[in-house]
Amino acid sequence: MTDEFKTIKNTSEGFYSEKRSKFLAFAHHVESVDDVKELVAQYRKKYYDARHVCYAYMLGAAREEFRANDDGEPSSTAGKPILGQINSNELTDILIVVVRYYGGVNLGTSGLIIAYREAAADALAHAEVETKQVEEVITYDFPYVMMNDVMRIVKDMQPRIISQTYENTCQIKLSIRQSEAEQLRQRLAKLSFS
């Protein structure tokens, strides 16, 4: 299993036009279904006069949570091509919304598929892609006398310190790349027995 995934940093826009129909595409970094629902609702409100507001999203480092929505277009002519662009770029934690203004001429099934695919591709072409690491959070409780030993491991393995408290019993919360989490756990566990 890999502990890296690709997503986009910024919000980006794309455009495609065919036979007077206009396709406005917007790509967003999202982290939950609630983020998706909120953004789709905003686009429906902003572009209330548009014929269709279609979208697709992919969530999670494992890329297992996704959805494609045709919003009244013929089945699989809008959401699937948008999702196809997300998949071909191996992205996750992303939402792409494509707003269609109907130009009066029917594009047909293949025309719609091309239009939604190209609009989504244009939005992704303007997006800044970044690779992120899947991290795991480890919380460790220890007596104050072990502080130097714990901090030596932290300095050596360089996890991100989320929080730390120093009282009779100290606690440190660390975030580390998933592939290194077990090693960090084992090194901290060995301290307890030394």
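## Salt bridges, cysteines and a helix pair

Reader: Hello! Is Arg100 buried or exposed in this structure?
Author: Welcome! This is a predicted model, and in it Arg100 has a relative accessible area of 3%. The cut-off for a buried residue is under 20%, so Arg100 counts as buried.

Reader: Which residue forms a salt bridge with Arg100?
Author: The closest N and O atoms of the pair are 2.9 Å apart, and a salt bridge needs them within 4 Å. Arg100 sits in strand β6 (residues 94-101), while its partner is in the loop between β5 (65-69) and α2, so the pair ties together parts that are 27 residues apart in sequence.

Reader: How many salt bridges does the structure hold?
Author: In general, side chains of opposite charge can pair when their charged atoms come close. For the structure, the number of salt bridges is 11.

Reader: How many residues apart in sequence are the parts that Arg185 and Glu136 tie together?
Author: The side chains of Arg185 and Glu136 meet in a salt bridge, with 2.2 Å from N to O. Because Arg185 belongs to helix α5 (residues 178-193) and Glu136 to strand β8 (residues 135-143), the parts they tie together are apart in sequence by 49 residues.

Reader: What separates Asp149 and Arg152 along helix α4?
Author: These two also meet in a salt bridge, at 3.0 Å from N to O. Asp149 is partly exposed at 28%, whereas Arg152 counts as exposed at 54%. Both lie in helix α4 (residues 147-157), and because they are three residues apart, what separates them is about one helical turn.

Reader: Which residues does Met147 touch, not counting residues up to four places away in sequence?
Author: Met147 is found in helix α4 and counts as buried, at 11% relative accessibility. The C-alpha atom of Gln171, which is 24 residues apart from Met147 along the chain, is separated from that of Met147 by 9.9 Å. Leaving out residues up to four places away in sequence, Met147 touches Phe142, Tyr166 and Cys170.

Reader: How many disulfides does the structure hold?
Author: A disulfide is a covalent bond between the sulfur atoms of two cysteines. Cys54 counts as buried, at 0% relative accessibility, and Cys170 is buried at 0% too. Even with these cysteines present, the number of disulfides is zero.

Reader: At what angle do helix α2 and helix α3 pack?
Author: Helix α2 covers residues 79-88 and helix α3 residues 108-125, with their axes 8 Å apart. Their crossing is right-handed. The angle at which they pack is about 35°.

Reader: Which residues in α3 do Pro81, Ile82, Gln85 and Ile86 in α2 meet?
Author: By class, the contact of α2 with α3 has eight nonpolar, one polar and one charged residues. With Gln85 counting as polar and Arg117 as charged, the α2 residues you name meet this set in α3: Ile113, Tyr116, Arg117, Ala120, Ala121 and Leu124.

Technical notes:
Residues numbered from 1 in each chain as written. Predicted model: local features only at pLDDT ≥ 70, side-chain atom pairs only at ≥ 80, totals over all residues. Heavy atoms only, no water. Axes fitted to C-alpha atoms, helices over the stretch in contact; angles between N-to-C directions. Helix = DSSP H or I, 4+ residues; strand = E, 2+ residues; numbered from the N terminus. Left-handed = near helix turned anticlockwise from the far one by under 90°. Contact = heavy atoms within 4.5 Å. Disulfide = S-S within 2.5 Å. Buried < 20%, exposed > 50% of the residue type's maximum accessible area, 1.4 Å probe, protein only.
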